[in-house]
Amino acid sequence: QGPRMVTPVRGGWPLLAKLFENLFCLPIDGPQQPAAWRMLDTSQRDYDREAAVWQQLIRGEGEGKDVKWWFDQRMIVWTWLKLGLEVLYRREQGELKSMRNGQALAIAGPPKGGKSLLFQYVITPLMGGRMGSASKFLTGKTTFNASLFESELLVLSDTPLSNKMEDRNALGDGIKMVVAEQWHAWEGKGRDAMDQLNPIWRLAIGLNDDQNNIRTLPPFSVEGVGDKIHLLHACSGEMPMPTTTLDEYLAFGEALAKELPAFAHFLMHEFQIPRVLQGGRFGMVTVQSPDLMREMFEESPSGELLELIDLARWQSPSSPPRNLWHHVMHEDECGRHESGRVETMRNPQHGDIPIFWEGGALDLKHMLIADGCSVNREASQLFKFHRPERLLARLAKEDAARVVAHRTNSARLWRVGVQGAVIS
């Protein structure tokens with residue numbers, strides 16, 4: 001038994017159009033806000049391409065001071081759907097070799113904002129009408145996955161997840177397996193396993209946008225995870241039809257179902273994937289919401305280390321408090337400091353201006369936990385559970401503009417830039 005695909009038919013889909021607008025047109029303060037938008041295409045960030053994507057996603061309405069700006073995330077969702085449907089429709093037509101995996105789609109938004117409704121009434125019927133709950137399998141709590149082979153859409157939604165780092169890493173491993181691998185072993189309870197099966201899977205994740213829920217996602221800095229998850233920030237908009245009573249809710253679902261053939265026709269025959277979103281092994285680059293990425297980063301151990309570096313101050317009886325860069329510069333002048341060095345640039349008016357500190361991971365640790373450091377207690381607690389070189393390696397991936405690994409013939413060093421500076 002296979003999926004029951006919607007037959008595309010040309011027509012209008014006003015309710016679906018309003019639903020997508022309410023969910024994915026995210027208001028922003030102004031056109032400069034996208035400077036934090038994060039997109040991973042390859043292991044090296046392509047800032048020119050990211051800027052082009054930001055321009056594609058920004059929409060403005062009004063004139064002068066009254067103009068309102070928003071991120072139009074609909075293009076991302078429609079591209080993700082189109083790429084998945086292409087595989088399913090071609091397989092339905094007998095092209096058994098047609099196969100392509102796709103990134104996971106994670107949607108974070110306010111409670112009761114319409115995420116589950118979107119999965120139930122739109123994405124599931126479009127993908128063939130079969131949805132499987134994958135939480136236990138993806139988090140490693142069970143190896144039985146027979147039911148998942150009966151579904152094209154795997155869902156993690158309204159499922160209590162853990163924000164412990166080992167559990168988040170386990171979820172990351174599960175997501176990588178579903179997203180990146182084409183061949184899987186079927187395993188049912190009390191049945192012999194069957195290896196080398198090729199299911200068509202797409203993974204959708206729905207979660208609330210508060211701190212506790214955002215921090216259940218796997219760390220995107222872990223190798224092989226960050227480029228496999230789209231992360232979108234949904235709004236809490238009014239539904240295009242009343243849904244208060246059960247009858248209203250069911251009527252809304254029926255009205256959406258009537259528009260699905262026209263929406264499928266739009267995706268398959270009218271919608272063109274924007275050039276700036278095209279590329280990579282999955283057919284589209286990965287896009288992640290800037291405010292949610294910042295939330296994940298600031299709550300991570302590596303984010304805490306960078307915050308401690310910026311907050312740390314050292315003071316001696318004869319000098320005012322100094323930050324890391326000025327502290328090392330001052331000690332170097334006196335010939336007493338061995339914890340790295342500071343690269344500077346000459347300014348005719350202000351003298352030597354620090355650009356970055358360079359030293360070993362242990363050098364940084366010993367400075368931060370020293371008695372004369374203002375954050376030594378916090379740093380000691382952080383390093384009790386995390387190795388400094390691991391944290392710096394994550395920072396080099398999460399904030400490559402400020403933290404860079406630097407190797408010499410005899411040692412592995414790190415460069416940490418002053419706030420606002422970009423290390424070349």
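This report looks at salt bridges and aromatic pairs in the structure above. The model is predicted.

**Salt bridges**

The whole structure holds 12 salt bridges.

| Salt bridge | N to O distance |
|---|---|
| Asp 227 and Lys 228 | 3.3 Å |
| Arg 341 and Glu 343 | 2.7 Å |
| Arg 415 and Glu 358 | 2.7 Å |

Start with Asp 227 and Lys 228, which form a salt bridge. Are its two residues buried or partly exposed? Asp 227 has a relative accessibility of 29%, so Asp 227 counts as partly exposed. Lys 228 has 8%, which is under the 20% limit for buried. Lys 228 is therefore buried.

Now take Arg 341 and Glu 343. Their side chains meet in a salt bridge. Arg 341 is partly exposed, at 32% relative accessibility. Glu 343 is partly exposed too, with a relative accessible area of 30%.

Next come Arg 415 and Glu 358, also joined by a salt bridge. Where in the chain do Arg 415 and Glu 358 lie? Arg 415 sits in strand E16, residues 412-417. Glu 358 sits in strand E14, residues 351-359.

Arg 341, Glu 343, Glu 358 and Arg 415 are linked in a network of salt bridges.

**Aromatic pairs**

A pair of aromatic rings is described by two values: the distance of the centres and the angle of the planes. The count for this structure is 12 aromatic pairs.

One of them joins Trp 13 and Phe 266. The ring centres are 4.8 Å apart and the planes stand at 45°, so the pair is tilted. Trp 13 lies in the segment before helix H1, and Phe 266 lies in helix H8. The pair links distant parts of the chain, 253 residues apart. Trp 13 and Phe 266 are both buried.

Phe 20 and Phe 263 form another tilted pair, with 5.3 Å from centre to centre and 35° between the planes. Phe 20 is in helix H1 and Phe 263 in helix H8, so the pair ties together parts that are 243 residues apart in sequence. Phe 20 is buried, as is Phe 263.

Which residues make up the aromatic cluster? Trp 13, Phe 20, Phe 24, Trp 78, Phe 263, Phe 266 and Phe 271 form one cluster.

Definitions and conventions: Residues are numbered from 1 along each chain as its sequence is written. This is a predicted model: local features need pLDDT of at least 70, side-chain atom pairs count only at pLDDT 80 or more; totals for chains, interfaces and linings use all residues. Side-chain values use heavy atoms; hydrogens and water are left out. A salt bridge is a side-chain nitrogen of Lys or Arg within 4 Å of a carboxyl oxygen of Asp or Glu. Buried means under 20% relative accessible area, exposed over 50%, partly exposed in between (1.4 Å probe, protein chains only). Helices (H or I, at least four residues) and strands (E, at least two) are DSSP runs, numbered from the N terminus. Rings of Phe, Tyr and Trp (its six-membered ring) pair if their centres lie within 6.5 Å; planes under 30 degrees apart count as stacked, over 60 as edge-to-face and the rest as tilted.
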